Amino acid sequence: MKISFENPDKVNGLLTLTVEEADYKDNVEKTLKDYRKKANYPGFRPGMVPMGLIKRQFGASVKMDAINKLVGEQIYKYVQDNKIQMLGQPMASEKQEPQDLEKPAPYTFMFDIAVAPEFKMELNGKNKIVYYNITVDDKLIDQQVDMFASRAGKYEKADSYEKGDLLKGDLRELDEQGNTKEGGLEVAGAVLMPDYIKVDDQKKLFEGAKVGDIITFNPRKAYPDNDTEVSSLLKIKKDEVKDHEGNFSFQVTEVSRFTKHALDQELFDSVFGKDAVKDEKGFRDKIAEGLKAQLAGDSDFRFLQDVKDYCLKKVGKLTYPDALLKRIMLANNKDKDEKFVDEHYDESIKQLTWQLIREQLADANNIKVEKADVEAVAAEMARAQFVQYGMSNVPDEYVDNYAKELLKKEENVNNFAERASDLKLTQALKKVVKLDTKDISIDDFNKLAEGK
């Protein structure tokens, strides 16, 4: 096989492969012999079918498969051996002429190769990049304490309604005279939270309500332009709401008030494990410790984003094989059109440039992702999901089992590997560049993230 590569403008490559019969002949014959061994034809014993019959039936497709496989393998071998930084996949060249595989070899195949632009990105102590150190103050700790107390809280019965309470009662549809409507809707045990009522005059009707009180209100007026809320309250279909626009009576059968959990040993144990914390001060200290670790992760994430912006600005505009990359994007998004590619091209190039920069930085800092790194990230993600459900004290065994489930999906493994690479790169770069450390509150940090 002959292979040549043309790359006159450094970013548009043309790879030409000339395939001779000797390149694929042995593989074709071996495959056909395997077919013969397994072939089952009437009148012939297994393995004794004439090779001529096998070739007539399977020869053309086997030859095509062998050539396609050979070409694919040789393309990637050539690219790897010659250290060509290929972007995306090879594309059949527009210069390619039709090849008739029924005729004798040689066959010529031409592929357009998108090549990454050449540039050099280095970071050292001369590069100054801001690092935001998020401070853990009493306000932030108070918020976390309140969150844990709320998660462990519960509804308790109350004597009369106050703002935020939950009411349970029986709904009855009324006629124009204010009497219970014959054949009208009745809902027993309807649950209502007056705080969610949008119209003030309807909301005020429930102020000070006690068990046994009967309140007359209009659900349709209470929730204007929200037929979903009305249908849920009245237990009817959404398209039936228009047939019930009158008043309803609501007889209160229960008033429930949400009470946060007391800051006691039971709460401390549920959050951090039995006897890990003994008093409120210890509870707050433990929360502060967790916040520092969490916020350090947020600071690191922001730092890497700032590194990205810094490097993109330093590299400037690079020359890419735009027409070829758009063809590749279109091939990878078969359900999209050229307009979609054009609209998203600039952002894709920005992300591609950062990917190339990140690869250089990772190589310069000897960043290598091992299996253990990926597993550690999977465990981190698993624990974070448990925390989202208020389960902050989950045994390691459960976290490990859940992490193993996450790792069964290839997509997750790739994402975890990228996350592990970012974590290692961040730690390495914090030691390489000059950090411009700035203390910042969580509120101001969030405003930065929102672009304010």
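**Notebook: pockets in the model**

I started with the second largest pocket: 15 residues line it, and Y24, V28, G59, A60 and K63 are the ones nearest its centre. This is a predicted model, where local features need pLDDT of at least 70, side-chain atom pairs count only at pLDDT 80 or more, and totals for chains, interfaces and linings use all residues. Numbering runs from 1 along each chain as its sequence is written, and side-chain values use heavy atoms, leaving out hydrogens and water.

I noted the terms. A pocket is an open set of points on a 1 Å grid over the protein atoms alone, where a 1.4 Å probe fits, with protein on both sides within 12 Å along at least five of seven lines; a lining residue has an atom within 4 Å of a point. Volume is the space filled by probe spheres set on the points, which are joined across faces, edges and corners.

Back to the second largest pocket: I got a volume of about 400 Å³. Helix 1 (21–38) and helix 2 (51–81) each supply at least two lining residues (helices are DSSP runs of H or I, at least four residues, numbered from the N terminus). Helix 1 gives the largest share, six residues.

Next I looked up the largest pocket, which holds about 1100 Å³ of space. I found 28 residues in its lining, with G290, A293, Q294, R383 and V387 nearest the centre. Helices 3, 7, 8, 11 and 13 each supply at least two residues of this lining. Which helix gives the most to the lining of the largest pocket? I found helix 8, with 11 residues.
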